[in-house]
Amino acid sequence: MDIMKLVNKLAWLPPRWVATLERQLKKVPAVQTQIDKEMTHLLDGLSDSLKPYQRTFETFARLPAQGQARAAILSDLQAMQEQEQKRWQDGYASGAVYHGDSEHIAFLNQVYALHSQSNPLHADLWPSAAKFEAEIVSMTAHMLGADHSPNRDAIVGTLSSGGTESILLAMKSYRDWARAHKGITQPEMVVPVTAHAAFEKAAHYFNIKLVRIPVTADFQADVAAASRAINRHTIVLVGSAPSFPHGVIDPMPALSALAQAHDIGCHTDACLGGFVLPWAEKLGYPVTPFDFRLPGVTSISVDTHKYGYAAKGTSVILYRGQALRHYQYYTTTDWPGGLYFSPTFAGSRPGALSAACWAALVSIGEAGYLDATRRILQTAALIRQGIERLPELRLLGDPLWVLAFTSDTLDIYRILDAMTARGWSLNGLHKPACIHLCVTLRHTQPGVANRFLTDLRAAVAQVKDQPAPAGGMAPIYGLAATLPVRGLVGDMLKQYMDLLYKP
Ligand SMILES: *Cc1c(COP(=O)(O)O)cnc(C)c1O
């Protein structure tokens, strides 16, 4: 019997029983062998699409005995870049590349090349890196309501390598702050289910108990549930502006007030919205307050490498007050290597990315961000309208530019497959099953929004009229979303990563 069908039949059992049963079953060699076989089969199907260059380019599993000619290397790299560029450049991807105009990219590359040797760890050698980072943090803080914070609680922060690092840093800071100031040794963080996976990662890395709270029917964090979830171990309350899955802003005013009443941290994850919402508000769109103008908000993560239009590899973590930032810093004074300190998880860091980030912010300016936001929100409104006109589809929540939709009558993952077949790279989500398009500047190019809607209409019609074809991702998504044996799904993802690291 197909083991996947068997485990699916366990769906009616309580999850804790299933987890125990799963651990026991996996100790039986025959079961493990069968699982391995099924996994290999599933992953074999993906291998070709994940390793498209195995036939066309030389594979280096070991160092070449002699260095290869630079010209040959460059020509191979160019070929791969050309192969990969078209899809995101022409606006077929959800998120991924947020600006992508060739002149902007060429400018950032020029800046990167100028500062490619810079390392902010050596502030004596590269004072420019310190200047760039201090100014990026300050510009971002002022964009997010720093002027409304009294001086003793000035908004400060650091640059990090991405949204995940910003979130990890903030959660670690709260853990250490709560231990020092409130004697909390068994910390808990209260996090909506729709918050980014990075919060779960933080809980896992730093031994913080993750207390999940549900969202309401409109996909906003349930404030009453948050209130019930807070106890004497709670260190921080989290909300998103907006959330990655459904693009919905959590009720930050209520969450901020709740956190203030309990003297705990309140983190707004504005990784996605930090460089959009301030301008959306100026343009007159309805924007739930989420930034430092709310007195209870004590930290914000905001990604410069998304809608800040910097190159990949930078984000900003902001805190209300120096004291909190000090819990992020690391210093050691007894190391034979000398006095050592670093503000984030990394030691050496790419100063060139800080330079490129600074250059992006300074070259775009308020007027540039305002204009980019206007174009994105207009395009997103057009696409949203088109989705809402399709009776088979249902939009989730009330989003501005991250548009999640599902279907009550059709298999949404088959629609995802049909869109993939038309060249689109959309995000497949679950709980509930849906897909989303995160609108970027790429989609504001002439014709892209209409092409998306034309393809979507065709995809819906195809799924409606034709029986399910064999293969595709739909069965895998369906299985992964409903499989009660979550450990098995996790194992599958680990094998997928193993596959990525196979030369
Ligand atoms: C992208 C994103 C993150 C994580 O950012 P990375 O840069 O991928 O690490 C966190 N939160 C939200 C809401 C995001 O959209």
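Predicted model: local features only at pLDDT ≥ 70, side-chain atom pairs only at ≥ 80, totals over all residues.
**Entry 1, overall build.** I began with the whole chain. I counted 17 helices and 13 strands. I then looked up the extent of the C-alpha trace, which spans about 65 × 60 × 55 Å along its principal axes. Next I checked the radius of gyration, which is 24 Å. A compact globule of 503 residues would come out near 23 Å, so the chain agrees with that expectation.

I looked at H13, which runs over residues 351–388 and has 38 residues. I compared its end-to-end distance with that of a straight helix. The C-alpha atoms at its ends are only 45 Å apart, whereas a straight helix at 1.5 Å a residue would reach 56 Å. I went along H13 for a bend and found a kink of about 85°. The kink is centred on Gly 365.

**Entry 3, ligand shell.** Which residues are closest to the ligand? I found Gly 163, Thr 164, Asp 269, His 305 and Lys 306, out of 13 residues that surround the ligand. I sorted the shell by class and got five nonpolar, five polar and three charged residues.

I listed side-chain N or O atoms against ligand oxygen atoms. The side chain of His 305 has such an atom 2.8 Å from an oxygen atom of the ligand. For Lys 306 I also read 2.8 Å between a side-chain N or O atom and a ligand oxygen. Asp 303 has a polar side-chain atom 3.4 Å from an oxygen atom of the ligand. I then looked up how much of the ligand is covered. Taken alone, the ligand exposes 380 Å², and the protein buries 85% of that.

I went through the omega angles. Ala 241 and Pro 242 are joined by a cis peptide bond, with omega about -10°. I placed Pro 242 in the loop that runs between strand S4 (234–240) and helix H10 (252–261). Another cis peptide bond joins Lys 431 and Pro 432, with omega about 0°. Pro 432 sits in the loop between strands S12 (427–429) and S13 (434–438).

I checked the backbone at Asp 263. Its phi is near 50°, which is a positive value in a residue other than glycine. Where is Asp 263 found? I located Asp 263 in the loop between H10 and strand S5 (265–269).

Technical notes:
Residues numbered from 1 in each chain as written. Heavy atoms only, no water. Helix = DSSP H or I, 4+ residues; strand = E, 2+ residues; numbered from the N terminus. Expected span 1.5 Å × (residues − 1). Bend = angle between axes of the 7 residues up to and from the residue. Near = heavy atom within 4 Å. Polar contact = N/O pair within 3.5 Å; in protein donor to acceptor, adjacent residues only side chain to side chain. Areas by Shrake-Rupley, 256 points an atom, 1.4 Å probe, with all protein chains shown as cover. Nonpolar A, V, L, I, M, F, W, Y, C, P; charged D, E, K, R; others polar. Rg over C-alpha atoms; globule rule 2.2 N^0.38 Å.
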